[in-house]
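Welcome! Please take a moment to look over the sequence and the 3D structure shown here before reading on.

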Amino acid sequence: MSEEKAKKKKDETPRVHSIDPAAVEVLKKAEDEGISTVFSRVEEMKQCPIGAAGSCCAYCAMGPCRLVGKGAEEKTGICGATHGTIGARFILRACATGTSAHADHGRDIAQTLKAVSEGRATSYSIRDPEKLMKVAGYMGVPTEGREILEIAGDVADIALANYNGTVAGGELTYAARAIGKRQELWRKTKLMPRGIDREVVESMHRTHVGVDQDAEHLLDQAMRVSLSDGWGGAMLATDLSDVLFGTPEPLTSKANLGVLRTDEVNIIVHGHEPTLSEMIVAASQDPELIEYARSKGAQGINLAGICCTANEVLMRHGISPAGNFLHQELAIITGAVEAMVVDVQCVMQALQPLAEKYHTKLITTSPKAKIPGATHVEFDEEHALDIAKEIVKMAVDNYEKRGETAIPEHTGDMIAGFSHEYIEYMLGGRYRASFRPLNDNIINGKIQGAVAIVGCNNPRVTQDEGITWLIKELIKRDVLVVVTGCAAHAAGKHSLMIPEMMENAGPGLREVCEAVGMPPVLHLGSCVDNSRILTILTHVVEEGGLGEDISDLPAAAICPEYYCDKAIAIGTYAAASGAYVVFGVRSPIEDCSEVTELMTTGWEEKVGGQLLWEPEKEKILEKVWNRIQEKREALGINEEKERVLLDMAARREL
Ligand code: MSK
């Protein structure tokens with residue numbers, strides 16, 4: 001390759017990987033320094049075409065079996081497993097793995113709540129007693145005349161009973177929060193989850209070689225285990241986090257690598273669970289530690305986040321995210337991160353060898369996750385603040401080792417922190433909190449529908465491109481958008497969650513957003529907070545006028561950059577709850593036509609929802625838009641109506 005061509009390729013490659021200017025800048029630095037990143041490794045590592053499309057079964061030592069070549073459709077594995085069985089087993093295992101991640105997250109929060117109730121975790125308190133009362137109500141825990149810690153203890157016990165399946169009635173407690181009609185459907189179709197751990201164990205058992213071999217039956221269990229995520233592990237994690245750390249309310253913040261500071265100790269919290277990060281927030285504001293940082297020549301301590309831990313501390317404290325999943329290495333390459341503190345999920349093993357090239361200290365904290373070479377400071381909730389202070393001190397001590405830094409200046413502005421409680425309040429006011437105005441504006445056509453854009457980054461596609469393009473196209477078409485997870489970070493980095501975005505919205509959506517005073521794109525939180533979307537959809541149905549179930553709503557969910565099992569579990573519980581769900585990137589079951597058919601047409605008939613893959617963003621938009629219009633037609637709300645501007649008196653009447 002000529003020198004000129006090589007230079008051109010070097011200039012262009014980062015832009016192929018990301019539309020984020022901060023990422024592009026740091027990728028050029030990585031290239032100059034000869035540093036490998038997830039973006040360069042994805043170029044070097046071709047996908048195995050057999051495994052990527054669902055034609056490989058590696059579940060026993062007779063194989064791995066590869067169902068490829070002439071007549072592949074008819075081929076079977078050595079045990080006789082068909083493409084259908086292999087694909088369905090893959091989906092079920094992915095759902096079980098994803099569910100177990102969120103379930104463990106929820107269990108840890110429940111155990112922390114239990115420890116608080118018994119006076120064993122004195123660093124924490126009940127920050128939102130009102131939410132505790134609400135949760136107690138859902139769980140049938142008596143509250144009248146009782147001490148708050150007593151109630152908290154009972155709530156924690158019931159939450160924990162949901163794991164082992166010993167909950168009263170034999171059904172997940174929170175399943176009762178779903179629409180009655182949906183609960184009946186889950187019972188009739190045998191999809192009602194019995195206990196979170198129980199569903200995970202049964203899924204692992206069924207996917208062992210020689211057990212469940214019927215694709216539809218395997219996929220039924222995929223829905224059941226995933227429902228124990230959405231209406232179990234994830235919903236408990238969200239609710240109990242709100243109880244312990246506070247229910248989010250809107251706040252302003254900034255996002256992207258530009259939130260790192262040149263003259264302060266930079267600490268990044270990365271992973272998922274808020275128990276430790278809440279304490280790191282407190283420790284980073286400790287006057288003694290700030291003074292200690294000054295004694296080392298820094299101006300202060302700056303905390304930022306990556307992935308969903310970032311969402312947790314953003315939603316409740318306004319701590320700025322330094323970026324989404326694909327930013328974890330880039331943050332270290334700036335040379336400005338003294339410590340990256342990780343717990344569980346989405347933490348790349350490549351971080352430690354990378355950290356060794358700079359001065360960053362990678363600190364693992366979860367008893368469940370160690371990384372070779374990283375410093376392990378094990379967290380436990382009974383000594384939470386002391387451990388957090390020890391970690392912050394380690395970061396401060398590392399400041400002196402900092403070399404040259406190159407922090408990109410780019411940041412996006414955002415408003416974050418929309419809990420479902422706040423949305424209800426925002427729409428209806430303190431005394432008449434309600435989703436009625438949303439329903440009315442969907443019915444009158446000002447808002448055509450609602451779409452959740454959720455999930456991860458995947459370096460196989462251009463970072464943030466699909467996510468941001470879909471958000472902009474949807475609001476242009478008067479569709480209200482909610483975002484969670486790393487998709488929310490993409491929206492934050494590109495300033496899509498600010499009131500000014502109203503100017504890019506269609507006239508109807510813009511009018512409603514102006515009247516209510518909300519941006520057309522709402523940040524709803526982390527991956528486990530997708531459960532807030534289930535709650536919102538349920539309330540919208542209960543409010544009336546938009547059908548009898550989630551499956552009747554002009555709504556959909558998109559995961560444009562899916563990469564992990566948790567995303568498949570989330571997509572599956574959304575579909576099993578009646579939602580239309582489209583994933584981007586590529587289908588992991590492309591070769592398994594029976595499974596594709598079952599998860600689309602089959603699930604549509606069975607549960608009124610679907611989960612499908614579509615790599616092209618234009619086609620995703622078309623599919624989602626068509627779905628919204630079909631649902632509007634079915635509801636009889638698609639006739640053109642005269643648009644009436646609401647004045648204040650009319651709003652009050654509403
Ligand atoms: S962190 S699961 S990359 S959203 Fe929740 Fe982001 Fe996906 Fe991890």
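Here is a short tour of this model, grouped by topic.

This is a predicted model, in which local features need pLDDT of at least 70 and side-chain atom pairs count only at pLDDT 80 or more, while totals for chains, interfaces and linings use all residues. Residues are numbered from 1 along each chain as its sequence is written, and side-chain values use heavy atoms, with hydrogens and water left out. The tour starts at the ligand, where 13 residues form the surroundings.

**Around the ligand**

- Of the 13 residues that surround the ligand, the closest are His272, Cys346, Cys456, Cys486 and Cys527. A residue counts as near a molecule if one of its heavy atoms lies within 4 Å of it.
- Helix H13 (307–317) and helix H20 (485–493) are the elements that give two or more residues to this shell. Helices (H or I, at least four residues) and strands (E, at least two) are DSSP runs, numbered from the N terminus.
- By class, the shell holds 9 nonpolar, 3 polar and 1 charged residues. Here Ala, Val, Leu, Ile, Met, Phe, Trp, Tyr, Cys and Pro count as nonpolar, Asp, Glu, Lys and Arg as charged, and the others, Gly among them, as polar.
- Domain 2 (257–401) and domain 3 (413–635) each supply at least three residues to the shell. The domain bounds come from an automatic or database domain assignment.

- Strand E12 (residues 479–484) has 6 of its 6 residues buried, so it is largely enclosed by the rest of the structure. Buried means under 20% relative accessible area, exposed means over 50%, and partly exposed lies in between (1.4 Å probe, protein chains only).
- Which residues cover the two faces of E12? Val479, Val481 and Val483 are buried on one side, and Leu480, Val482 and Thr484 are buried on the other.
- Strand E11 (residues 449–453) pairs with E12 in the parallel sense over 5 bridges, and Ile453 stands opposite Val483 in E12. Two strands pair if DSSP finds at least two bridges between them.
- E11 is also joined to E14 by 4 bridges, again in parallel, with Val451 having Ala556 in E14 as its bridge partner.
- Strand E14 (residues 555–559) is mostly covered, with 5 of its 5 residues buried. Ala555, Ala557 and Cys559 lie on one side, and Ala556 and Ile558 on the other.
- E14 in turn pairs with E15 in the parallel sense over 3 bridges, where Ile558 has Val582 in E15 as its bridge partner.

**The six-stranded open sheet**

- Another set to trace is an open sheet of 6 strands with the order E6-E5-E4-E7-E8-E9 and parallel pairing.
- Strand E6 (321–323) and strand E9 (375–376) stand at the edges, each with a single partner strand, so one side of each is left without a neighbour in the sheet.
- Within this sheet, strand E7 (residues 339–342) and strand E8 (residues 361–364) run parallel and are joined by 4 bridges. Val342 has Thr364 in E8 as its bridge partner.

- In helix H21 (residues 507–516), the buried residues are Gly508, Leu509, Glu511, Val512, Cys513 and Val516. Just after H21, Gly517 takes a positive phi of about 80°.
- Glu473 and Ala505 are 32 residues apart in sequence and 8.7 Å apart in space, C-alpha to C-alpha.

- Most residues other than glycine have a negative phi, and most peptide bonds are trans.
- Cys307 is not a glycine, yet has a positive phi of about 60°. Cys307 is found in helix H13 and counts as buried, at 1% relative accessibility.
- Val585, also not a glycine, has a positive phi of about 70°. Val585 sits in the loop between strand E15 (580–583) and helix H24 (593–607), and is buried with a relative accessible area of 14%.
- The peptide bond from Gly63 to Pro64 is cis, with omega near 5°. You can find Pro64 in the loop between strand E1 (56–57) and strand E2 (65–66).
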